[in-house]
Amino acid sequence: MSKRAYFVTTPIYYISGNPHIGHAYTSIAADVLARYHRTLGPTFFLTGTDEHGQKVEQAAREAGFDPQAWTDALIPKWKALYAAYDVGYDDFIRTTETRHTTQVVAVFERLKETGDVYLGTYEGWYCTNDETFWLESKLIDGRCPNPECGRAVQWLSEENWFFALSKYRDRLVAYYRAHPEWVRPERAYNEMMSTLEGGLDDLCISRVNLDWGVPLPGGGVMYVWLDALLNYLTALDYASDGERFRTFWPPNVQLIGKEIARFHTIIWPAVLFALGLETPNVVFAHGWITLEGEKMSKSRGNVVDPFELVERFGSDTIRYFLLREAHFGSDFSFGEEKVRLRRNGDLGNDLGNLVKRSLAMLARYRNGRIPAAAPSALGARFADLGARTGALVERLAFRDALEAVWEFVTALNRAIEEQKPWELHKRGDDAALDAVLYDLCEGIRWLAHLTFPFMPATARGMWTQLGLAGEPAGAWSDELVWGRLASGAQTAPAEAALFPRLDASVA
Ligand SMILES: [Zn+2]
């Protein structure tokens, strides 16, 4: 088991607009990875907000604010999203912070010195909404070709700074070939590879007619996308070669939505090549949560409000649902009926009832005291569960990991049905009754550990009910050894079920 430092990032979220369920999805996945890896060694989970650019400036002005005051006012809402979903980041970086902007300028100067940034003239069609230049040939009826946008574009001709992206094309292709899993899932890798095969143009990285950005020496501001990408370095105090940087660089996993893969898997590694830095081990482009088959977006008005959702279903139910419903990397369709099915089925009937029945029988037959351990067929059968599930989490196969855990839940429930503790009690078969009750309690202890990264509140609930001190947050390889649960401890079953049933009328 590697004790190496672990660094996971989400994209920094574009502050203009309200947080939606997609932001919660990415952040929860990063939180699961961070909670799991914190048990193994030093871990750093970075997230934050992307606050520059023309759209932010326009929205602020329209609302009658200075852009800084406007973004300041939006921050609490973003932080509230993390709190509502139990997402425990280690750092939240804002691109308007001085620690970021000073380092952006330092990177710019460094790239000028290496010759990767040069002055040139940019002419092209610019979409303000997407903050993107488009080739004439890409326009559709003279308008922005982004299917989400389609707005009018303007012709711009400016003297600007360029990043020499094209010169890294061959190196990127070679890198992709040598690291076939550095962009995941495979679909994203293939798309980016074909973009690379189509050739790359140099990238215009300054904007002269814009004020709301990181000011560059000599005028203009930095292109908002490069400004944003650099957060992954600046949050680690890269420019001063800070301790965070030396400990955590390069990122183990960078989570992104698939719509921003080009920035993170072509431009970003090229910038890192230019700076002489290692690239991330994995950039993972997860899928979209759709609503009845359509991508959620503000312009379509089909956005699920993550605050309303968590209020009605609870954080752990939504965390479980999002990671259990589909393979991470695939699109999936959101529906409240599906959430309710998971909640009442997997969580209520399977897990919640297991805990409630087991501890109730322990209370009835053994005054709530954990009996002595005995050799266990169940323990032997699931001896590799921690290692298997851990490997799946490390691969970001969250759904498979939860399925492996639920096989164990099913086996524990089956042990109750098959061994019928009430009959063992009636027959006075104390040894057999102790054995099954111990198995159930030890199983719940395992489940507390295994579910902790996914459902921290539920895991703590199980832990407390078992009467254990501390937190269920140890490394699985150390903790998931059958028989570690001490006998004699007094359990403290809760009155309320872990997942009370939700009826359609309630939720
Ligand atoms: Zn556009």
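Guide: The zinc ion is coordinated by Cys127 (SG), Asp130 (OD), Cys144 (SG) and Cys149 (SG), at 2.1 to 2.3 Å. Keep in mind as we go that this is a predicted model.

Visitor: What geometry does the site of the zinc ion have?

Guide: To read a metal site, look at the angles among the donor atoms. Here the 4 donor atoms make angles of 91 to 115 degrees, and the site is tetrahedral.

Visitor: How are the donor residues of the zinc ion spaced in sequence?

Guide: They follow the pattern C-x2-D-x13-C-x4-C. Asp130 sits in the loop between strand 5 and strand 6, while Cys144 sits in the loop between strand 6 and strand 7, so this pair ties together parts that are 14 residues apart in sequence.

Visitor: Are Asp130 and Cys144 buried or exposed?

Guide: Both Asp130 and Cys144 are buried.

Visitor: How many bridges join strand 5 to strand 7?

Guide: There are 10 bridges between strand 5 (residues 117-127) and strand 7 (residues 154-163), and the two run antiparallel. As one place to look, find Trp125, which stands opposite Trp155 in strand 7.

Visitor: What is the pairing in the open sheet of 3 strands?

Guide: The pairing there is mixed, with the strands in the order 15-14-16. Strand 14 (residues 289-291) and strand 16 run parallel and are joined by 3 bridges. In that pair, Ile289 stands opposite Phe332 of strand 16.

Visitor: Which residues is Phe398 in contact with, leaving aside neighbours within four places in sequence?

Guide: Phe398 is in contact with Ala29, Val32, Leu33, Leu323, Phe328, Val393 and Phe454.

Visitor: Where does Leu466 lie?

Guide: Leu466 is in the loop between helix 19 (456-465) and helix 20 (476-479). Leu466 counts as buried, because its relative accessibility is 0%. Beyond its neighbours within four places in sequence, its contacts include Leu359, Ile370, Cys441 and Gln490.

Visitor: Now the charged side chains. How many salt bridges does the count come to?

Guide: The count comes to 33 salt bridges. To read one, find the two partners, then ask where each sits in the chain. Glu57 and Arg61 form a salt bridge, with their closest N and O atoms 3.6 Å apart. Both lie in helix 2 (residues 54-62), 4 residues apart, which is about one turn of the helix. Glu57 counts as buried because its relative accessibility is 13%, whereas Arg61, at 48%, counts as partly exposed.

Visitor: Which parts of the chain hold Lys167 and Asp116?

Guide: The side chains of Lys167 and Asp116 meet in a salt bridge at 3.0 Å, N to O. Lys167 is in the loop between strand 7 and helix 5 (169-178), and Asp116 is in the loop between helix 4 (98-113) and strand 5, so the pair ties together parts that are 51 residues apart in sequence. Lys167 is partly exposed, with a relative accessible area of 48%, but Asp116, at 2%, counts as buried.

Visitor: How far apart are the closest N and O atoms of Asp430 and Arg366?

Guide: They are 3.1 Å apart, in another salt bridge. This pair links distant parts of the chain, with Asp430 in helix 18 (residues 430-451) and Arg366 in helix 13 (residues 336-366), 64 residues apart.

Definitions and conventions:
Residues numbered from 1 in each chain as written. Predicted model: local features only at pLDDT ≥ 70, side-chain atom pairs only at ≥ 80, totals over all residues. Heavy atoms only, no water. Contact = heavy atoms within 4.5 Å. Pairing = 2+ DSSP bridges. Donors = N, O, S within 2.8 Å, 3.2 Å for Na, K, Ca; no water. Tetrahedral: all angles 85-135°; square planar, octahedral: opposite > 155°, others 65-115°. Buried < 20%, exposed > 50% of the residue type's maximum accessible area, 1.4 Å probe, protein only. Salt bridge = Lys/Arg side-chain N within 4 Å of Asp/Glu carboxyl O.
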